[in-house]
Amino acid sequence: MTVQPTGSGEPPGADLPPMSAAWSPPLWRVGLYALAGVAAALVAAVGPLAQRVGSLDAAGRLLVGVLAAGLGTLALRDLLARPTLRVSPAGLDLVDGLRRRHLPWAAVLRVRAATLTHNRRAVHLRTLEVETIDGPILLTRRQLGTDSGPVAECVEEIRLRLG
């Protein structure tokens, strides 16, 4: 998270939230995805290496190749879509899927941390839910690079202060 306080004319020592902040996945994770994608691509492309690693036949090599493409795409998206969420006095800038969006504060109704649960498989996914006039936007912990609870608190404080 990058937090950059701006001058507000308040006396020093006033405990106010910063006026801008940004969140995105850490660069070490992006590099790890890229490295794993390159390793999987090598296994898929080089026949003797595929035999040595896991006795992969043609179908197995194809699946490893698909995995390599997915990891490479994920790394490239996370690298190019930085930051995933930026808060400024003008509103929110966020990456929603593959596109970057700007939402003025007037379009943001509420920001909160939520948990999506799938009871049959005991899956709990922590998300940041941005409720807008057009509908909700969900950002995951992986997209933000940190837990959604403190992010929601910071964004909501800034929204209430500026909006």
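Trainee: What is S88 in contact with, once its neighbours within four places in sequence are left aside, and what makes two residues count as a contact?

Mentor: Contact means that heavy atoms lie within 4.5 Å, and by that criterion S88 is in contact with M19, S20, W105 and L162. This is a predicted model, in which local features need pLDDT of at least 70 and side-chain atom pairs count only at pLDDT 80 or more, while totals for chains, interfaces and linings use all residues. Residues are numbered from 1 along each chain as its sequence is written, and side-chain values use heavy atoms, with hydrogens and water left out.

Trainee: Why does S88 count as buried, and where is its place?

Mentor: Buried means under 20% relative accessible area, exposed means over 50%, and partly exposed is in between, with a 1.4 Å probe and protein chains only. S88 has 15% relative accessibility, and therefore counts as buried. Its place is in strand β3, where strands (E, at least two residues) and helices (H or I, at least four) are DSSP runs numbered from the N terminus.

Trainee: Why is L92 called buried, and what does L92 touch?

Mentor: The relative accessible area of L92 is 0%, so L92 is buried. Not counting residues up to four places away in sequence, L92 touches L85, R86, V87, R101, H102, L103, W105, V108, V130 and V155. The C-alpha atoms of L92 and S20 are separated by 9.7 Å, although these residues are 72 apart along the chain.

Trainee: How many bridges join β7 to β6, and how many join β7 to β8?

Mentor: β6 and β7 pair over 10 bridges in the antiparallel sense, with T127 in β7 as the bridge partner of A114 and E131 in β7 opposite R110. β7 also pairs with β8 (residues 135-140), over 6 bridges and again antiparallel, and here L139 in β8 is the bridge partner of L128. The hairpin of β7 and β8 has 2 residues between the strands, whereas that of β6 and β7 has 4, and A122 takes a positive phi near 55 degrees in it. Most residues other than glycine have a negative phi, and most peptide bonds are trans.

Trainee: Which peptide bond is cis, and where is P83 found?

Mentor: The bond from R82 to P83 is cis, with omega near -15 degrees, and P83 is found in the loop between α3 and β3.

Trainee: How do you know what span helix α3 should have?

Mentor: The expected span of a helix is 1.5 Å times one less than its number of residues. The 23 residues of α3 (residues 58-80) should therefore span 33 Å, and the end C-alpha atoms are 33 Å apart, which agrees. G60, V64, A68, L71, A75, R77 and D78 are buried in α3, and the buried residues of this helix pack against α1 (27-45), β4 (91-96) and α4 (141-144). An α-helix has 3.6 residues a turn, so residues three or four places apart point the same way.

Trainee: What covers the buried residues of α5?

Mentor: The cover includes β2 (20-23), β3 (85-88), β4, β6 (108-118), β7 (123-132) and α4. Among the buried residues of α5 are V151, A152, C154, V155 and I158. Helix α5 (residues 148-162) reaches 21 Å from its first C-alpha to its last, close to the 21 Å expected for 15 residues.

Trainee: What makes the charged end of R29 count as sitting over the ring of W28?

Mentor: A charge sits over a ring if NZ of Lys or CZ of Arg is within 6 Å of the ring centre and within 35 degrees of the ring normal. The charged end of R29 is 5.7 Å from the centre of the W28 ring and sits over it.

Trainee: How many helices and strands does the protein chain have, and what share of its residues counts as buried?

Mentor: The protein chain has 5 helices and 8 strands, and 38% of its 163 residues count as buried. Among contacts between residues at least 6 apart in sequence, 48% join residues at least 24 apart.

Technical notes:
Two strands pair if DSSP finds at least two bridges between them.
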